[in-house]
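Good morning, and thank you for coming.

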Amino acid sequence: MSAETHEFQVEARQLLQLMIHSIYSNKDVFLRELISNASDALDKLRLTALRDDALGADVSDLHISVETDARARTLTVRDNGIGMSHQEVVQLIGTIASSGTARLLRELKETDDADAAAGLIGQFGVGFYSAFMVADEVTVLTRHAGESQGTRWVSRGEGTYTVEALDEAPQGTTVTLHLKPVDVENQLNDYAQDGKIREIIKRYSDFITWPIRMAARTAAAAEQADESADAEPASDDFETVNSMKALWARAREDVSDEEYHELYKRISHDWLAPLETIRLQAEGTFEYQALLFIPSRAPQDLFTQGHSRGLQLFVKRVHIMDDCEQLLPSYLRFVKGIVDAQDLSLNVSREILQQDRHIQRMHRRLTKKVLSTIKDLRTKAPENYATIWREFGKALKEGLLDDHENRDTILALCSFSSTHATDEPTTLAQYAERMKDGQEEIFYLTGDSREAIENSPHMEAFRAKGVEVLLLTDPIDEVWVTAVPEFDGKRLRSITKGEVDLGSGEPDTDETEHERENQRREYSGLLSWMTEQLGEDVKEVRLSTRLTVSPACLVSDTHDITPALENIYRAMGQ
Ligand code: ADP
Ligand code: MG
């Protein structure tokens, strides 16, 4: 039968032009796309065969195979999955099938900026056409399971393609790329090299649940990999390159700590084992599995802009994106891990995730799960809790400002230095238990260091009366205390603000009240003179009972901002 020539649909042609001129720098992803198509095709065949006994397809050894030929400069990705009929080839490959790709194209049209366009392609994924980033000709040989005739599709991506019916073809789909030449500087990116292909498969497709096979490398061949690229291995000599381990989809008791740790190290680039492993399985209308890790130490850049944050997103075992910020709030950016969703499109974009209600629900659920895990550790493994607080407490405290819904939970997780003990931080609940009779507020003082705070004149009366004060020394403390009014019905109160009622248990007698009145009269001349002298710098000079040693101290009104907060605002240019 002779080959017929077809033209690509207009949009398809535009996208192909982009691929051919490959503005996207990370070309490796083409292989991920081809393998994920192959994996989908195997999934579909398995499902179809389960539903239809009469299909007559061979499902005994479903797998993907990848073959490099350095001499011919070809790379072949083969699957024995569902395949495509003649009509499907024209429909699916000749037009832009997936709505995700169509959207990508719309957005690409709106940017003239090459970098922005490259970013868009990276986010959307570009499916089958991405083969043209690395190939100057692509051949697809395919036969739909259960049909007898096959189809060959060939294109150079330049506007037309040919299709031809074949009497014989193996079940499934074989995609052969004729690779573009590589320039000398780019030898390492030669997709005709076995080692390069293995590396990409390991990186992007390790968790594909179907075996991905490549020709086995003998020890000798591996050693002289470069020269022996054309040495033919025995035809049955194959090995599976991917581990196929989707740990998050296996029953918890079937996975060892070592396996979790190995995965953690790979996704986090941290060589220490994680402190805590969290698993979550959601069933129902929006199914997903999450495998999260709390590291045992904070990365150095946790507080710098551009710190990589977020989880890896998989869709049905296919890696979709790193640093998926839509899955957890910013203050939990130290959490690493993987979320595998069953009901998302492989072409899902960050914008789509942002608006998806299922993702928002997942975000809430994952957040609560992480917080409750940390909370449980406080009683079950106090040392681990202490480590988490030491390493990530500052980040968690951002949640007091950002996350109204979970504010009380986060507040209950917090630990603070206090005058109660020098080496052991206290939770607010513990503080509350130690509150004196008649004390109704939780007192704190913010400052640069514990020492600076302890030397503050404001502390004197509290020390004298034995009233506990929280010593808050993180810059963020200045900010959250203004947003959090109380804990468990007890007001949080800065000891520098307004009149503080120490409720010492000794009610003011008429005598002391009388004495104060006398003092006020006696010093009123001095006070108004001082108020005048200090002029603009203070609002008022008044007598105080809060000092025992220092002659004077500065006090703000209850609603004034603290000096340190003033500094923060000033630094932010406000
Ligand atoms: P997507 O996978 O997002 O649908 P692609 O551009 O990757 O977009 O593929 C387009 C379509 O071509 C697929 O939806 C599928 O129907 C078909 N296809 C691609 N590769 C294969 C394959 N190996 N086996 C069967 N069908 C395939
Ligand atoms: Mg695809």
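**A residue at the surface**

Asp-488 is exposed, because 11 other C-beta atoms lie within 10 Å of its own. The term rests on a count of C-beta atoms placed from the backbone: a residue with 20 or more others within 10 Å is buried, one with 12 or fewer is exposed, and one in between is partly exposed. Before I continue, please note that this is a predicted model, in which local features need pLDDT of at least 70 and side-chain atom pairs count only at pLDDT 80 or more, while totals for chains, interfaces and linings use all residues. Residues are numbered from 1 along each chain as its sequence is written, and chains are lettered from A and ligands numbered from 1 in the order in which they are written.

Where is Asp-488 found? It is in the loop between S19 and S20. Helices and strands here are DSSP runs numbered from the N terminus, with at least four residues (H or I) for a helix and at least two (E) for a strand. The phi of Asp-488 is near 55°, a positive value in a residue other than glycine. As a general point, most residues other than glycine have a negative phi. Asp-323 also has a positive phi, near 50°. Asp-323 lies in strand S13 and is partly exposed, because 14 other C-beta atoms lie within 10 Å.

**The two open sheets**

Let me turn to the sheets. Strands of a sheet pair through backbone hydrogen bonds, either parallel or antiparallel. In this model, two strands count as paired if DSSP finds at least two bridges between them.

One open sheet has 5 strands in the order S10-S11-S14-S12-S13, with mixed pairing. Its edge strands, each pairing on one side only, are S10 (276–282) and S13 (318–324). From one strand to the next, the twist averages 15°; axes are lines fitted to C-alpha atoms, for helices over the stretch in contact, and angles run from 0 to 180 degrees between N-to-C directions. Within this sheet, S11 (residues 288–294) and S14 (residues 336–341) are antiparallel and share 6 bridges. Gln-289 has Asp-340 in S14 as its bridge partner.

Another open sheet has 6 strands, again of mixed pairing, in the order S16-S15-S18-S17-S20-S19. Here S16 (421–426) and S19 (486–487) are the edge strands. S15 (residues 416–418) pairs with S16 in the antiparallel sense over 2 bridges, and Phe-416 has Thr-426 in S16 as its bridge partner. Helix H16 (residues 475–483) lies across S17 (441–446), S18 (470–472) and S20 (490–494), and runs at about 145° to S17.

**A buried leucine**

Leu-428 lies in helix H13 (residues 428–434). Is Leu-428 buried or exposed? Leu-428 is buried, because 21 other C-beta atoms lie within 10 Å. Its C-alpha atom is separated by 8.0 Å from that of Phe-416, 12 residues apart along the chain. Leaving aside neighbours within four places in sequence, Leu-428 is in contact with Leu-411, Ala-412, Cys-414, Ile-442 and Phe-487; contact requires C-beta atoms, placed from the backbone, within 7 Å.

**The chain and its core**

Now the wider view. The protein chain has 18 helices and 20 strands, and 33% of its 574 residues count as buried. Among contacts between residues at least 6 apart in sequence, 72% join residues at least 24 apart.

A nonpolar core is a set of buried Ala, Val, Leu, Ile, Met, Phe, Trp, Tyr and Cys residues joined through C-beta atoms within 7 Å. The largest such core has 117 residues, of which Ala-131, Val-339, Val-469 and Leu-470 touch the most other members. H2 contributes the largest share of this core, 8 residues.

**Around the ligand**

Finally, which residues are the closest to ligand 1? They are Asn-37, Ala-41, Gly-127, Phe-128 and Thr-173, from a shell of 18 residues; a residue belongs to the shell if its C-beta atom, placed from the backbone, lies within 6 Å of the ligand. Helices H2 (29–51) and H3 (86–94) each supply at least two residues of this shell, and H2 gives the most, with 4 residues.

Notes
Two residues are in contact if their C-beta atoms, placed from the backbone, lie within 7 Å.
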